[in-house]
Amino acid sequence: MNKIIIGDHIVKSFGEGDEKRNVLDGVTVEINEGEFVAVMGPSGSGKSTLMFALSGTDRVNSGKVIVDGKDLSEVDENELSDLRRTTMGFVFQQPTMLRNLNILDNIILPSMRDNRKNAAKITGKARALMKRVGIAELEKRDITQVSGGQLQRAGICRALMNNPRIIFGDEPTGALNSTTAQEIMDILSEINSEGTAVMLVTHDANVAARTERILFMRDGNIVSDLKLPKFNGTDMDGRVEKVAVKMREIGI
Ligand SMILES: Nc1ncnc2c1ncn2[C@@H]1O[C@H](COP(=O)(O)OP(=O)(O)OP(=O)(O)O)[C@@H](O)[C@H]1O
């Protein structure tokens with residue numbers, strides 16, 4: 001199976017001298033094309049740092065990160081930013097949206113920056129995505145006039161604008177109630193079933209249980225790699241229990 005991301009003995013440290021600490025301590029991991037992966041672990045175990053490293057958001061201190069066949073240590077900042085823009089989409093706990101723009105304009109803003117002549121096409125695409133995730137009627141709303149779940153749907157639309165090969169989510173459901181969280185997972189599952197890899201950090205066993213692979217981190221390392229069958233709408237309780245057993249084992 002083709003790998004969309006490879007992390008090979010990656011080390012990321014923060015601090016200087018005696019204070020220096022490896023937050024990623026030689027992590028090796030491969031993410032397959034189209035895979036649906038969750039990352040779990042205690043607070044401070046390095047989950048977000050791993051995601052930042054694998055997405056080229058942060059440079060690593062040593063080891064290799066290879067994205068879509070390109071070694072990130074060999075690309076300059078412009079190439080890196082192109083690679084990120086064309087290959088990856090990002091969804092955060094609190095979508096970072098501008099208060100002075102409506103929902104539609106927030107979704108199209110990153111795509112419009114260097115592509116103004118395609119404004120009509122970009123807007124059409126955004127509208128199609130909004131319709132797909134159930135927020136078509138909200139395009140003119142201010143970002144303060146929608147719910148957290150609706151805002152996250154808009155965040156997902158924005159992440160999908162460039163047809164990414166992988167979506168990274170840093171606690172995309174972390175600010176939502178459990179019903180809304182599952183609705184967001186429905187959307188991410190659907191996107192995944194069409195071939196886009198999804199990798200998300202979560203503390204929630206009910207979210208992780210929707211994926212097919214859960215990486216458990218502790219102290220800057222992946223200490224367990226749990227595989228589940230692709231979710232088909234059945235046996236949610238059994239899946240959650242498998243995740244919960246592992247969480248207890250790891251001490252989360
Ligand atoms: N820019 C930074 N400078 C210094 N230390 C950092 C920096 N970013 C992260 N750290 C430290 O690295 C460790 C891992 O952080 P990270 O955010 O990856 O953990 P996490 O597992 O995602 O935690 P949480 O579940 O609390 O979000 C933490 O101890 C954190 O304080």
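Which way, left-handed or right-handed, does H3 pass H4 in the crossing? I found that H3 passes H4 in a right-handed crossing. By the convention I used, a crossing is right-handed if the near helix is turned clockwise from the far one by less than a right angle, and left-handed if anticlockwise.

**Entry 1: basis.** I worked on a predicted model, in which local features need pLDDT of at least 70 and side-chain atom pairs count only at pLDDT 80 or more, while totals for chains, interfaces and linings use all residues. I numbered residues from 1 along each chain as its sequence is written. Helices (H or I, at least four residues) and strands (E, at least two) are DSSP runs, numbered from the N terminus.

**Entry 2: the annotated span.** I looked up the UniProt record, an unreviewed entry, which lists residues 5–244 as "domain: ABC transporter"; such annotations may be inferred rather than shown by experiment. For residues 5–244 I noted 35% helix and 26% strand, with the end C-alpha atoms 27 Å apart.

**Entry 3: H3 with H4.** Two packed helices are described by the angle between their axes and the distance between the axes. I took axes as lines fitted to C-alpha atoms over the stretch in contact, with angles from 0 to 180 degrees between N-to-C directions. Helix H3 (residues 103–112) and helix H4 (residues 119–132) pack at about 135°, their axes 10 Å apart. H3 and H4 are therefore oblique to each other (under 35 degrees is roughly parallel, over 145 roughly antiparallel, 65 to 115 roughly perpendicular, the rest oblique). From H3 the contact draws on Leu-104, Ile-107, Ile-108, Ser-111 and Met-112, and from H4 on Ala-119, Ile-122, Thr-123 and Ala-126; two residues are in contact if their C-beta atoms, placed from the backbone, lie within 7 Å.

**Entry 4: H3 with H5.** I then followed H3 to H5, where the packing angle is about 30° and the axes are 8 Å apart. That makes H3 roughly parallel to H5. The contact involves Ile-103, Asn-106, Ile-107 and Pro-110 of H3 with Ala-154, Cys-157 and Arg-158 of H5. These residues divide into five nonpolar, one polar and one charged.

**Entry 5: H5 with H6.** The axes of helix H5 (residues 148–160) and H6 come within 10 Å and cross at roughly 15°. H5 is thus roughly parallel to H6, and I noted that their crossing is right-handed. Among the contact residues are Gln-152 and Ile-156 of H5 and Ile-184 and Ile-187 of H6.

**Entry 6: Glu-194.** What follows H6 (178–193)? I placed Glu-194 in the loop between helix H6 and strand S8 (197–201). Glu-194 is exposed, with 7 other C-beta atoms within 10 Å (buried means 20 or more, exposed 12 or fewer, partly exposed in between, with C-beta atoms placed from the backbone). The C-alpha atoms of Glu-194 and Gly-34 are separated by 8.0 Å, although the two residues are 160 apart along the chain.

Entry 7: Phi of Asp-68 is near 50°, a positive value in a residue other than glycine. I found Asp-68 partly exposed, with 16 other C-beta atoms within 10 Å.

How values were computed
Ala, Val, Leu, Ile, Met, Phe, Trp, Tyr, Cys and Pro count as nonpolar, Asp, Glu, Lys and Arg as charged, and the others, Gly among them, as polar.
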